[in-house]
Amino acid sequence: MSDFSRVTRRKFLATTGVSAAGALLLKGCGGNPPSATAPTEATDATAAPGPVAEGGSPETPNIKLGYIPIVESAPLIIAQEKGFFAKYGMTGVEVSKQANWASARDNVTIGSGGGGIDGGQWQMPMPHLISEGIITNGQKVPMYVLAQLVTQGNGIAVAGLHAGKGLGLDLSGTAAEYVKGFASTNGRKFKAAHTFPNVNQDFWIRYWFAAGGVDPDNDIDLLAVPPAETVQGMRNGTMDAFSTGDPWPYRIVTDDIGFMGALTHEIWAFHPEEYLAVRADWVDANPNATKALLKAVMEAQQWCDDVANRDELVTIVSGRNYFNIPSEILVPPYKGEYTMGDGKQAFNDLNAGPLYWKDPKGSVSYPYKSHDTWFLTESMRWGFHKDQLTDFDTVKRIVDAVNREDIWREAATEAGFTADIPQDTSRGIETFFDGIKFDPANPEAYLSSLQIKRA
Ligand code: CA
């Protein structure tokens, strides 16, 4: 890495002052020794050189994709380990673990040519914010959203000291009063954390609090904190809640750190979670390679959803080269088994956990424009990036520039996954647990219907 990029990188990190520490999240998971299970070699039958079905051959077999070691990244790891990338001619894919979300952002800004990455796994709407230069010190790096990687698999954890106060899915009433009144008896506000500001985990916990009548900007302290620090705080009584992803929801209860207030499955069933997005300059220069990449990820997503493969999935992703955690802690979430704690009924439903290809509402993998629109609308709700996200015409312009569902469609068609291609770029009206509806055709109406907002 050049001195210049070192300085630039430091500047980025200093500017945000935030570290998501996805790696720490898992390493800090309870002091267990690293799993001795190494990932399987990519010697599966699927790795055998085969015809690149439809479409031209890839312009390059090489791309560097970043990932954070959490369940959202499984399709990228599986595409590599089970030979799907190779099957479609992408024999030089590098799947590169990122220290945290800020590093992933900085690495995609410099690109693989500068020692960074070409794309990879993102919380939303990071690709849109990077494209517009909003979280990159004004440097616009156009990106394309190519696929959704996963739905669900996230939730809100609450520290054990708040057990018995009714902090469940619906906070309205006594639970909300308890949270809001916490400062008067404890000398500090109720404190909650996520791993990176203004993206998924921040949105999920904000939605949950606000739906129950708790203003996340005024009634509590909500901030970005590395996961290991958050969990330590939950143990010692200085942190009260954590917007987090698998396998934390499992560890929170089994390690006696606290209980689950809600799963994201409960807040918004089959919600958009994390995405595959790649630099636009790479995609524009390598259209066939982009489709090859997508076909491999799609096939990996189908593989991940086959329950017959879930044990192997757990073995591969928990391995030392990837998540580096004991494999047994990933088994329950991949069965949709969540012990909630605090007297709440446990979940035992595959459809409550992470799904990668399809869910009961349609395609998981297809990047619906209506979901990008929700993430940017929710950003407006909370007054994020006010100077840039000024109106819904701007939202539409950004979504149309960044979301490349057309490439997803082409790739799916060429790969023969035609039965699973959605008809429309909108999934239609979305309904949240509190009855609030988001009509992508009328986001203004959604904003007006919300009680707590900064817009
Ligand atoms: Ca997540």
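A residue is buried if 20 or more other C-beta atoms lie within 10 Å of its own, exposed if 12 or fewer, and partly exposed in between, with C-beta atoms placed from the backbone. Asparagine 137 counts as exposed because it has 12 C-beta neighbours inside 10 Å. Its phi is near 50 degrees, a positive value in a residue other than glycine.

This is a predicted model, in which local features need pLDDT of at least 70 and side-chain atom pairs count only at pLDDT 80 or more, while totals for chains, interfaces and linings use all residues. Residues are numbered from 1 along each chain as its sequence is written.

**Overview**

The protein has 18 helices and 16 strands. Helices (H or I, at least four residues) and strands (E, at least two) are DSSP runs, numbered from the N terminus. Of the 455 residues, 54% count as buried.

**The core**

A nonpolar core is a set of buried Ala, Val, Leu, Ile, Met, Phe, Trp, Tyr and Cys residues joined through C-beta atoms within 7 Å. The largest one here has 131 residues. Met90, Leu146, Ala296 and Val297 have the most contacts inside it. Helix α13 (residues 287-305) gives the largest share, 10 residues. Domain 1 (3-151 + 272-325) and domain 2 (154-263) both contribute, so the core lies between them. These domain bounds come from an automatic or database domain assignment.

Methionine 90 sits in the loop between α4 (84-87) and β2 (92-97). It counts as buried because it has 24 C-beta neighbours inside 10 Å. Two residues are in contact if their C-beta atoms, placed from the backbone, lie within 7 Å. Among the residues that methionine 90 touches are Pro58, Phe85, Leu293 and Ala296. Methionine 90 and alanine 296 are 206 residues apart along the chain, yet their C-alpha atoms are separated by 8.6 Å.

**Two helices**

Helix α3 (residues 74-81) packs against α13 at about 105 degrees, with axes 8 Å apart. Axes are lines fitted to C-alpha atoms, for helices over the stretch in contact, and angles run from 0 to 180 degrees between N-to-C directions. From α3, the contact includes Leu76 and Ile78; from α13, it includes Ala296 and Trp303.

| Bond | Omega | Loop holding the proline |
|---|---|---|
| Methionine 124 to proline 125 | about 0 degrees | between β3 (119-122) and α6 (126-131) |
| Aspartate 246 to proline 247 | near 10 degrees | between β8 (241-245) and α10 (248-254) |

Key. Lists of a residue's contacts leave out its neighbours within four places in sequence.
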